[in-house]
Amino acid sequence: MKPKPMIVFLLCVQLLLFATVTWAARGDVYILTVNDAISPGIAEYIKNGIEKAEKEGAACLIIELDTPGGLAESMRLIIKDILGSTVPIVVFVSPGGARAASAGVMITMAADVAAMAPGTNIGAAHPVGAGGKDISGKMSEKVINDMVAHAKSVAEKRGRNQEWVEQAIRESVSVTETEALKENIIDLIAEDIDDLIGQLNGYKIADKGELTLDKAQKIVVEPSLRTNILKTISNPNIAYILLLIGLAGLYFELSHPGAIFPGVIGGISLVLAFFALQTLPVNYAGILLIVLAIIFFIMEMKIASYGLLSVAGVLSLLLGSLMMFKGTGPDMTLSLKVLLPTLILVSGFFVFVAGLVFRAQMSKPRTGTKGLVGEIGIVKKALTPDKEGKVFIHGELWNARAQKAIHENTQVRVIKVINLLLEVEPVEETGSG
């Protein structure tokens, strides 16, 4: 008896569903390692990791976190990606001695499962301004209230301690892993990744079901080359150095056309600098002051300012460097250890090149017809007021004339060049009297 087509179809559907469930149950554990300040590069790394985990059917994604904080905008992008993920996200503050400070607090609170290793801490999320200084006045109140509202919203969504996260932002409160577990800030304490995976096996997550990690494999997601480049150059110190190298290279190329190499290096550095600056909290008044400094140095090559334009350029470069970034933490601002040496070297380079160009413009020409004026030569063919003669100068014979007769083998000095015709006078006349 032949099986009915409907029965065959239903059996195939059941087999397909079984295979799908089995594949999902065997989903692997994807691991991202973040041990740096929260920056655009880190935000892209986490975003790509979540997308990869979703695409490849991961059982969950663990973010191993150790951060001092970072950019608020990058933090918000990360939280948005975590909350929108279809894959369970676990944030694990690890290894021992690690911390989740400032932006790291909110990222941890946003996770489906928050865990910490022994010897770690979480907290101190009070926003700070450039150089790590407190934000003052009305701006401080606005920034803090905005962060509190955002953090409490995330904590409420995940069922975590809203009062504590407000204290962490307003009063810079920080707690250990045991205190965090007691205060309902985190869900688990685990010795390491393996211990964490063991505790997560069978763990139920609202809206995402139960984690089945019996046969899960650990897959460490490495950042891509583009992400590594972005992570490196999105450091304000690196972006600042690239900007100054780019400007210095183009400046040298403009002052010495044909050098090529400085122009190429300068162009590449500028492109990388602009790529980094678009991801950083840049104060464009600082950028304009740096550009103004370059203009002052270029003017120094053209105008005899006796160094005043160079001084103005150095001052403008200093002010622009100090104003360039408006970061919300010490990791997002220029380090004085980088700023001062770079500023001295680059300013010295600009002043040196401008001085070379200015001296070259003011010095007496040594080539061409203008370089012949004042040179001494020997008469090879006698000159009269009515008849041109020949003068030997710089290994060449030149047609010449004089206001009076000059005999052969007489030393003469060039006083004028008109259409390749030299006008000369005897050396004795200019040397006597």
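**Exercise 1. How do S13 and strand S14 (residues 396-402) pair, in the parallel or the antiparallel sense, and over how many bridges?**

Before we start: this is a predicted model, where local features need pLDDT of at least 70 and side-chain atom pairs count only at pLDDT 80 or more, while totals for chains, interfaces and linings use all residues. Residues are numbered from 1 along each chain as its sequence is written, and side-chain values use heavy atoms, with hydrogens and water left out.

Step 1. Strands (E, at least two residues) and helices (H or I, at least four residues) are DSSP runs, numbered from the N terminus. Two strands pair if DSSP finds at least two bridges between them.

Step 2. Apply that here: S13 and S14 pair in the antiparallel sense, over five bridges. In S14, Leu397 is the bridge partner of Phe392.

Step 3. Look at the turn. Two residues lie between the strands of this hairpin, and His394 takes a positive phi near 55 degrees there.

Step 4. Now check the other neighbour. Strand S12 (residues 376-381) also pairs with S13 in the antiparallel sense, over three bridges. Here Ile378 stands opposite Phe392.

**Exercise 2. Sort the side chains of strand S13 (residues 389-393) by the face they point to.**

Step 1. Recall the rule: in a regular strand the side chains alternate between the two faces of the sheet.

Step 2. You'll need a cut-off. Buried means under 20% relative accessible area, exposed over 50%, and partly exposed in between (1.4 Å probe, protein chains only).

Step 3. Sort them. Gly389, Val391 and Ile393 point to one face and are buried.

**Exercise 3. Work out the strand order of the six-stranded open sheet and find its edges.**

Step 1. Read across the sheet: the order is S8-S5-S3-S2-S1-S11, with parallel pairing.

Step 2. Pick out the edges. Strand S8 (188-189) and strand S11 (218-220) each pair on one side only.

Step 3. Zoom in on one pair. Strand S3 (residues 89-93) and strand S5 (residues 113-116) share four bridges in the parallel sense, and Val91 has Ala114 in S5 as its bridge partner.

**Exercise 4. Describe how helices H2, H3 and H4 sit against each other.**

Step 1. Know what's being compared. Axes are lines fitted to C-alpha atoms, for helices over the stretch in contact, and angles run from 0 to 180 degrees between N-to-C directions. Angles under 35 degrees count as roughly parallel, over 145 as roughly antiparallel, 65 to 115 as roughly perpendicular and the rest as oblique.

Step 2. Take H2 and H3. The axes of helix H2 (residues 40-55) and helix H3 (residues 72-83) come within 9 Å and cross at roughly 10 degrees, so H2 is roughly parallel to H3.

Step 3. Take H3 and H4. Their axes come within 9 Å and cross at roughly 5 degrees, so H3 is roughly parallel to H4.

Step 4. See who touches whom (contact means heavy atoms within 4.5 Å). From H3, Met75, Ile78, Ile79, Ile82 and Leu83 meet Ala103, Met106, Ile107 and Ala110 in H4.

Step 5. Classify those residues. Ala, Val, Leu, Ile, Met, Phe, Trp, Tyr, Cys and Pro count as nonpolar, Asp, Glu, Lys and Arg as charged, and the others, Gly among them, as polar. The contact of H3 with H4 then has nine nonpolar, no polar and no charged residues.

**Exercise 5. Find the largest nonpolar core and follow one of its residues.**

Step 1. Define it: a nonpolar core is a set of buried Ala, Val, Leu, Ile, Met, Phe, Trp, Tyr and Cys residues joined through side-chain atoms within 4.5 Å.

Step 2. The largest one has 50 residues, and those with the most contacts inside it are Leu61, Ile63, Met106 and Ile122.

Step 3. Follow Ile122. Not counting residues up to four places away in sequence, its partners include Val105, Met116, Trp164 and Ile185.

**Exercise 6. Where is Pro118, and which residues does it contact?**

Step 1. Pro118 is in the loop between S5 and strand S6 (121-123).

Step 2. Its relative accessible area is 31%, so Pro118 is partly exposed.

Step 3. Leaving aside neighbours within four places in sequence, Pro118 is in contact with Gly96, Glu177, Ile189, Ala190 and Glu191.
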